[in-house]
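These are my notebook entries from a first look through this structure.

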Amino acid sequence: AEEDYVTELAHQCAITILDSRRFSEYSPANVRFQGPSQSSLQEVARRKSRGGSNGVGSESAAIIMKKLGIFPWGLQPLKLSYEEENGIKSKAIAYQTMKHGHFDGELRLSVERLFDDMIDDEKDDDDQINEDGVVLSVSLVVPKKGKKLNRKKAEKIVDSFVSSTSIISETKKTLARQRQSKSYREKITGFASSRRAIRNENEQKLEAMAADRKRRWKRKGAGRYRPSGRRIEGSPRFGS
């Protein structure tokens, strides 16, 4: 129960880091990300809540990197390209480069929550996800006809964002504060009950999927039933 709760807490911390644009809190000294101020982000959130602009295109940022260009330090201006969410499962933020910078491209950061009992209807039973954790992805895409960036520098930018967006450090700090609270054990108990209910519901869905496959395979000339839903090599097909 505690392990599941810590994983969920890590996911919440990762979303908070993306929302607050704290991508370089633990970054190396040679690469920094300068995002908008907290007051600017709060103003964008207020406009969004009133149905106005969501800040796309108006939010500016910059990458400051050592030996980027001909000077000892170089600055690459960025602007927000898009921000998307997939319920409680994932969140992504993308920045695109602005004109007169050192390179052209798009920088994308995303966080995804994986469940050990996650069901994908397009996959067979044997291919379902059996992991439980949080995945942080950072990608830098440069167009073929755009201004190129040295491969080593591109890798350094991506690596610095991965290491500086420290989900583990943020989770440890949050967990340490919560353990001082009397309500910590109550949260653990409630979360465990919720996870058991979700697992039970997903198990019932898997059983229903297997039963439906078995009914379809019982048709005349359909071949022998297999739990994965795949036909045996050489078995007749429907309509043949």
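This is a predicted model: local features need pLDDT of at least 70, side-chain atom pairs count only at pLDDT 80 or more; totals for chains, interfaces and linings use all residues.

Next I wanted to know in what order the strands lie, and I read an open sheet of six strands, β1-β2-β3-β4-β5-β6, with antiparallel pairing. The edges are held by β1 and β6 (133–141), each with a single partner strand, so one side of each has no neighbour in the sheet. From one strand to the next the twist averages 25°. I followed β1 to its partner and found that four bridges join β1 to strand β2 (residues 60–66), the two running antiparallel. Across this pairing, Arg-32 stands opposite Ile-64 in β2.

Which strands does α1 lie across? I noted β3 (73–86), β4 (90–97), β5 (106–114) and β6, with α1 running at about 160° to β5. For α3 I wrote down β1, β2, β5 and β6, and an angle of about 155° to β6. I then picked Thr-7, which lies in helix α1 (residues 2–20), and saw that its relative accessibility of 14% makes Thr-7 count as buried. Setting aside its neighbours within four places in sequence, Thr-7 is in contact with Arg-113, Asp-132, Gly-133 and Val-134.

How many salt bridges does a search of the whole structure find? The search gave nine, and I followed three of them in detail.

In one, the side chains of Glu-59 and Arg-21 meet at 2.9 Å, N to O. Glu-59 lies in the loop between α2 (38–49) and β2, and Arg-21 in the loop between α1 and β1, so this pair ties together parts that are 38 residues apart in sequence. Both Glu-59 and Arg-21 are buried.

In another, the side chains of Arg-108 and Glu-84 meet at 3.2 Å, N to O. Because Arg-108 belongs to strand β5 and Glu-84 to strand β3, the pair ties together parts 24 residues apart in sequence. Arg-108 counts as partly exposed at 25% relative accessibility, and Glu-84 likewise counts as partly exposed, at 40%.

I also checked a salt bridge between the side chains of Glu-201 and Lys-205, at 3.8 Å, N to O. These residues are four apart in helix α5 (residues 184–217), which means that about one helical turn separates them. Glu-201 is partly exposed at 44% relative accessibility, and Lys-205 is partly exposed with a relative accessible area of 42%.

Last, I noted a network of salt bridges that links Asp-19, Arg-21, Glu-59, Glu-83, Glu-85 and Lys-91.

How values were computed:
Residues are numbered from 1 along each chain as its sequence is written. Side-chain values use heavy atoms; hydrogens and water are left out. Buried means under 20% relative accessible area, exposed over 50%, partly exposed in between (1.4 Å probe, protein chains only). Contact means heavy atoms within 4.5 Å. Two strands pair if DSSP finds at least two bridges between them. Axes are lines fitted to C-alpha atoms, for helices over the stretch in contact, and angles run from 0 to 180 degrees between N-to-C directions. A salt bridge is a side-chain nitrogen of Lys or Arg within 4 Å of a carboxyl oxygen of Asp or Glu.
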